[in-house]
Amino acid sequence: MRENRAHGLLALGGIALAALLAVIGHLNGNDDLNPWSLTVSDFAVSDRGGVVDAAMAVLAAATAVLLPALWRTGPGPAPGRSVAAGRRPSAATALLLTWAAGLVIAAVAPTNQPGTPMDAAAHVHRYASVLAFLALPIAGWLLAGHLGGRAGGWLRVLAPTSLLLAGAMVWAAYPGGGVLVGLAERLLILAEVALLAVVAATLARRQPAGVAAHSSSCSMS
């Protein structure tokens, strides 16, 4: 339980630090950059290796910290939970790793400067970002059944909300001509960071699987 709490709290601290760094990156950014029509990546490429890139790396590290606690954690309370629901959340952890890897790749491979043609690094950045943005809400949806309770309810709201916002961002970027693509992306990031924070906070309170199973068997005897 102490290990889970430590991992959960460390991840929450990392999430908070990443959010703070991202805000600093926006406040200290070039005055010519418009957050409503330009993406976070556009802010990052204007300050290569700066606080926005650091925020992405910290968020990836916070996700990685969660994985051991998630693997140890037993399923949450839910009426009629099946045996399958108690299995280790291997698909969700793989998707969380995909999200973290996508963040790191996007931080290392910069996008193109606004108004310039995309090069190879920019294409890598785009595909890594898309993969990360899609992997996290799917992982959250899968974890809703594993974590159960109030956390599961929040994840069932935040996961589809994230996917809808991802769709809004794609629409803004292409048919919308880039109008408000920055706003759509920031709302998407806010929803996905909230999803990750729900997972971290829940794992900080949840018992390991072996302890949960022992407590359940004692209560039934």
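Me: How do the residues of the lining of the largest pocket divide into nonpolar, polar and charged?
Reply: This is a predicted model, in which local features need pLDDT of at least 70 and side-chain atom pairs count only at pLDDT 80 or more, while totals for chains, interfaces and linings use all residues. Residues are numbered from 1 along each chain as its sequence is written, and side-chain values use heavy atoms, with hydrogens and water left out. A pocket is an open set of points on a 1 Å grid over the protein atoms alone, with protein on both sides within 12 Å along at least five of seven lines, and its lining residues have an atom within 4 Å of a point. Here the lining of 48 residues divides into 32 nonpolar, 12 polar and 4 charged.

Me: Which residues lie nearest the centre of the largest pocket?
Reply: Helices H1 (2-27) and H7 (181-205) are among those that each supply at least two residues of the lining. Nearest the centre lie Thr39, Val40, Phe133, Met169 and Glu185.

Me: Is Thr111 buried or exposed?
Reply: Thr111 sits in the loop between helix H4 (90-108) and helix H5 (120-147), helices being DSSP runs of H or I with at least four residues. Because its relative accessibility is 15%, and buried means under 20% with a 1.4 Å probe and protein chains only, Thr111 counts as buried.

Me: Leaving aside neighbours within four places in sequence, which residues are in contact with Leu67?
Reply: Leu67 lies in helix H3 (residues 51-72) and is buried, with a relative accessible area of 15%. With contact taken as heavy atoms within 4.5 Å, the partners of Leu67 are Thr93, Leu96 and Leu97.

Terms used:
Buried means under 20% relative accessible area, exposed over 50%, partly exposed in between (1.4 Å probe, protein chains only). On a 1 Å grid over the protein atoms alone, a cavity is a set of points where a 1.4 Å probe fits but cannot get out, and a pocket is an open set with protein on both sides within 12 Å along at least five of seven lines; lining residues have an atom within 4 Å of a point. Ala, Val, Leu, Ile, Met, Phe, Trp, Tyr, Cys and Pro count as nonpolar, Asp, Glu, Lys and Arg as charged, and the others, Gly among them, as polar.
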